[in-house]
Amino acid sequence: MAVHPQLPNAITIARILCAPVFLWLLLADAGAGGGLRWAAGIVFIVAIATDGVDGYIARRYEIVSDLGKLLDPIADKALTGVAFVGLSILGELPWWVTIIVLVREIGITIYRFLVVSDHVLAAAWMGKLKTVAQAVALSIALLPLASLSDATVWHSIVWWAGTVTMTIAVVLTIASGIDYLVSEVRGARAKRARG
């Protein structure tokens, strides 16, 4: 089966375009747990899930491109970034969490553009793990799961699931940022040594 070489990039761009739609759905009814909130959560989950789809297609049909390596993490950051900001605007997530995440994400993105003429900084394994952790934590935070039951124990389960997954996501966000910096410093030193 022939696959258009730009299909993975088109999926990635579609993920970027989903970000403003998702944010509007999240904020439209001030975060109430109704239909728009469920729709926001579902759009986020479907959009973030395409991260695995475009990567699989690119590897399966050997159409991995430098543009794809550059755009893919940017698409993830756009989607997760607006989710963090949206939750903080609604008062459901402390701003310090969002600021830590955004500083790391924006910093790495700027760095990617600074070094793109020299080499493309592809997502490392820890960065991919961080994205998965953020996706899980944000999905739990975005879906109004607490509204499914009035039981106190259910509310406790939802709260703990959200808190634990968000903590893991923030720790991995910081750790993966440090990992990128260390890898780049080592790579620069090795390049100077060879030169």
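1. Among contacts in the chain (heavy atoms within 4.5 Å) between residues at least 6 apart in sequence, 78% link residues at least 24 apart.

2. This is a predicted model, in which local features need pLDDT of at least 70 and side-chain atom pairs count only at pLDDT 80 or more, while totals for chains, interfaces and linings use all residues. Residues are numbered from 1 along each chain as its sequence is written, and side-chain values use heavy atoms, with hydrogens and water left out.

3. The chain has six helices and zero strands (DSSP runs, H or I of at least four residues for helices and E of at least two for strands, numbered from the N terminus).

4. For 195 residues, a compact globule would have a radius of gyration near 16 Å, and the 18 Å of the chain agrees (taken over C-alpha atoms; the rule is 2.2 Å times the number of residues to the power 0.38). Along the principal axes, the C-alpha atoms fill a box of roughly 65 × 40 × 25 Å.

5. Buried residues (under 20% relative accessible area, 1.4 Å probe, protein chains only) make up 38% of the 195 residues.

6. Helix H2 (residues 35-60) has 26 residues and should span 38 Å at 1.5 Å a residue; its end C-alpha atoms lie 37 Å apart, which agrees (the expected span is 1.5 Å times one less than the number of residues). Buried positions in H2 include Arg37, Phe44, Ile48, Asp54 and Ile57. The buried residues of H2 pack against helix H1 (7-28), helix H3 (66-89) and helix H5 (125-142). After H2 comes glutamate 62, with a positive phi near 55°.

Notes: Buried means under 20% relative accessible area, exposed over 50%, partly exposed in between (1.4 Å probe, protein chains only).
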